[in-house]
Amino acid sequence: MEYSLVCIECGREYEREDVYTCECGGLLEVRIDDTEIDFRLDGKELRVWKYGCLLPVKIEPISLKEGGTPLYECDRIGKEVGCKVFVKHEGANPSGSFKDRGMTVGVTKAIELGKSAVACASTGNTSASMAMYAAKAGLMAYVLLPAGKVALGKVAQALMHGAKVIGIKGNFDQALALVRQICAMQGFYLLNSVNPFRLEGQKTIAYEIVDELGFVPDKVVLPVGNAGNISAIWKGFKELKRFGLIDSLPKMIGVQAEGANPIYKAVKEKKDDIEPVLNPETIATAIRIGQPVNARKALRAIYESKGTAVQVSDEDITKAQKDLASKEGIGVEPASAASIAGLRKLAENGEIERDETVVCITTGHLLKDPEAVLRACGKPIEVEPSVEAILKVL
Ligand code: F0G
């Protein structure tokens, strides 16, 4: 398969693959040339590399069997909001988040380019996933985190998989600016979502949704942080249409937390770029981001698809997290619950039709953030070791 890197702003094409942004400052995108499709959307054997003919790597992939995540029909929540609701649970990936789809491609690209070290800034999940795939590939991994603002499970993963983890006394946006400089100085391969190859892996979420459902949903709802995933999924749907595998496209709905809402504000004001939020704050630490690097791509995805953005409060997020866990049996971290909170917001605003099908993406697993669970549910009751004492509290 042939492809090129193209700037989304000025259209300049790059032969070299070890670039992340254009000289004009614009974001790059992988443009796939016309090619033979060697998979069928038959609902069988879903996984990222089923769609390998549309993934831009030239060597055997570094894989931990990512993708093929469950798509659950959620009748209870569907009844409440008045449409057919499916949840695609990306928490079921090997490291517990959707990032694995991007990392299998990104880390493979690092090997292809002869790199010996990879690096990222992260609100947690990117670092956990990168550390895992770097371990599999035998690469060094360097991680910058906003100190004290990353959920425990994610830090645990990055550490155990052998990454060098550095907490910076600042937020994610600062960590990202710093890691970009460090990568340029040290020759580390940058695996944040500004890397266009990583997003190629994430577009397989769109492929799998159509593969499993057998049709294109009306809306896809997902949390937006650094704004890579919404851009990637939209690209995936557009490619399926371009290659004649589907003939309609869904509306893309981005959900942000009220305290970290630059994309929401831009959409509300119909702007094509964001004003950064300087001190982003939310319990959904995964999306605690004020200056999303992929904002321009994400805004295009929302406008082209005739979608929208909504904002939700931390209380909405916690309620949605509890609902999903206790009514549907799906355990997700707070950022992921934002998709369900966003769906409820759409329903409240009258933006859901009765016969619609909506797919919400839950991006990360419940166990990523055990501290958020204790804050939401309290600690277990402790009693004396006797039947009487237990019966008393039952
Ligand atoms: N949900 C979860 C659980 C995430 O970890 C992230 C991003 C998002 C949603 C938002 O996705 O950035 O593509 O818009 N986490 C990144 C990280 C920033 O470092 O783990 P996005």
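## Ligand site and aromatic pairs in a predicted model

A polar side-chain atom of Thr363 lies 2.6 Å from a nitrogen atom of the ligand, in what is a predicted model. Taken alone, the ligand exposes 470 Å², and the protein buries 99% of that area. The space that the ligand takes is the largest cavity.

**Residues around the ligand**

- The shell around the ligand holds 20 residues, of which Ser122, Thr126, Asn226, Ala227 and Thr363 come nearest.
- By residue type, this shell divides into 10 polar, 8 nonpolar and 2 charged residues.
- Two helices, α3 (125–137) and α8 (228–242), each supply at least two residues of the shell around the ligand.

**Aromatic pairs**

- The structure holds 6 aromatic pairs, and one of them, formed by Tyr3 and Phe197, is edge-to-face, with 6.3 Å from centre to centre and 80° between the planes.
- This pair links distant parts of the chain, since Tyr3 belongs to strand β1 (residues 3–7) and Phe197 to helix α6 (residues 196–202), with the two partners 194 residues apart.

Notes
Residues numbered from 1 in each chain as written. Predicted model: local features only at pLDDT ≥ 70, side-chain atom pairs only at ≥ 80, totals over all residues. Heavy atoms only, no water. Near = heavy atom within 4 Å. Polar contact = N/O pair within 3.5 Å; in protein donor to acceptor, adjacent residues only side chain to side chain. Areas by Shrake-Rupley, 256 points an atom, 1.4 Å probe, with all protein chains shown as cover. 1 Å grid on protein atoms, 1.4 Å probe; cavity = no way out; pocket = protein on both sides within 12 Å on 5 of 7 lines; lining within 4 Å. Sits in = over half its atoms within 2 Å of the grid points. Helix = DSSP H or I, 4+ residues; strand = E, 2+ residues; numbered from the N terminus. Nonpolar A, V, L, I, M, F, W, Y, C, P; charged D, E, K, R; others polar. Phe/Tyr/Trp six-rings, centres within 6.5 Å; stacked < 30°, edge-to-face > 60°.
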